[in-house]
Amino acid sequence: FVRKDSSGTTSVFTNALKAFPNSNWTAVGTTITWPNSNGMLRQATGSSGVAVSVLWTPYSIGYVGYDSVLLYSLPSAQFVTSEGQLQVMNANTTALAALAFPLASDFSAVIVNAPYPAYPISGYEYFVYRASTM
């Protein structure tokens, strides 16, 4: 399952697809026209839509953020890092990835191929809230 709406998660995932060794992936961004030559591609709206679709569809895969992995008790992919080490996603390995890639002045960062023991695909999520009432 892929996101059909605009998403930072899609940006992180497509940047990773492009950056991995021996990849011929070129499309990067928050909204992608996904290849669907065999008609099997399925789309869902929002991380929760992807997560629930994966939960209810046997033998399916999708991409969501770590918050959705925790919320929906989803298994996560293990990746072989550029150092050849198998790595799992958890709070520690994603934090190590964030430490390896400093934020830009616009508070963005593309975290792909993070060095072991970090999880190789990570991203930042932001929450905006009002600290006081007017």
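The following legends describe close-up views of a predicted protein model.

**Figure 1. Overall fold of the predicted protein.** The secondary structure consists of four helices and six strands. Along the sequence these elements follow the pattern β-α-β-α-α-β-β-α-β-β. The radius of gyration is 16 Å, which agrees with the value near 14 Å that a compact globule of 134 residues would have. Along the principal axes, the C-alpha atoms occupy a box of roughly 50 × 45 × 30 Å. Of the contacts between residues at least 6 apart in sequence, 46% join residues at least 24 apart.

**Figure 2. Surface and charge of the protein.** The protein exposes about 8800 Å², and carbon and sulfur atoms supply 58% of this area. Buried residues account for 32% of the 134 residues. The protein carries 5 positive and 5 negative charges, whose mean positions lie 12 Å apart.

**Figure 3. The salt bridge between Arg3 and Asp5.** The count of salt bridges in the model comes to one. The partners are Arg3 and Asp5, whose closest N and O atoms are 2.8 Å apart. Arg3 is buried, with a relative accessible area of 11%, whereas Asp5 is partly exposed at 23% relative accessibility. The two residues fall into separate classes because buried means under 20% relative accessible area.

Figure 4. Helix H2 spans residues 46-56. Its buried residues are Gly46, Ser47, Gly49, Val50, Ala51, Ser53 and Val54. An α-helix has 3.6 residues a turn, so residues three or four places apart point the same way.

Figure 5. Tyr63 is located in the loop between H2 and H3. With a relative accessibility of 7%, Tyr63 is classed as buried.

**Figure 6. Thr31 in the loop between H1 and E2.** Thr31 lies in the loop that connects H1 and E2. Its relative accessible area of 53% classes Thr31 as exposed. Thr31 and Ser7 are 24 residues apart along the chain, and their C-alpha atoms are separated by 6.7 Å.

Figure 7. Most residues other than glycine have a negative phi, and most peptide bonds are trans. Ser73, which is not a glycine, has a positive phi of about 55°. Ser73 belongs to the loop between H3 and strand E3 (79-80) and is exposed, with 61% relative accessibility. Asn113 likewise has a positive phi, near 60°. Asn113 is situated in the loop between E5 and E6 and counts as partly exposed, with 26% relative accessibility.

Figure 8. The peptide bond from Tyr116 to Pro117 is cis, with omega near 15°. Pro117 is in the loop between strand E5 (111-112) and strand E6 (121-122), the loop that also holds Asn113. At 39% relative accessibility, Pro117 is partly exposed. Apart from residues up to four places away in sequence, Pro117 touches Gln87, Thr93 and Leu96. Asn38 is 79 residues from Pro117 along the chain, and the C-alpha atoms of these two residues are separated by 37 Å.

Definitions and conventions:
Residues numbered from 1 in each chain as written. Predicted model: local features only at pLDDT ≥ 70, side-chain atom pairs only at ≥ 80, totals over all residues. Heavy atoms only, no water. Helix = DSSP H or I, 4+ residues; strand = E, 2+ residues; numbered from the N terminus. Rg over C-alpha atoms; globule rule 2.2 N^0.38 Å. Buried < 20%, exposed > 50% of the residue type's maximum accessible area, 1.4 Å probe, protein only. Contact = heavy atoms within 4.5 Å. Areas by Shrake-Rupley, 256 points an atom, 1.4 Å probe, with all protein chains shown as cover. Lys, Arg positive; Asp, Glu negative; His and termini not counted. Charge placed at Lys NZ, Arg CZ, Asp CG, Glu CD. Salt bridge = Lys/Arg side-chain N within 4 Å of Asp/Glu carboxyl O.
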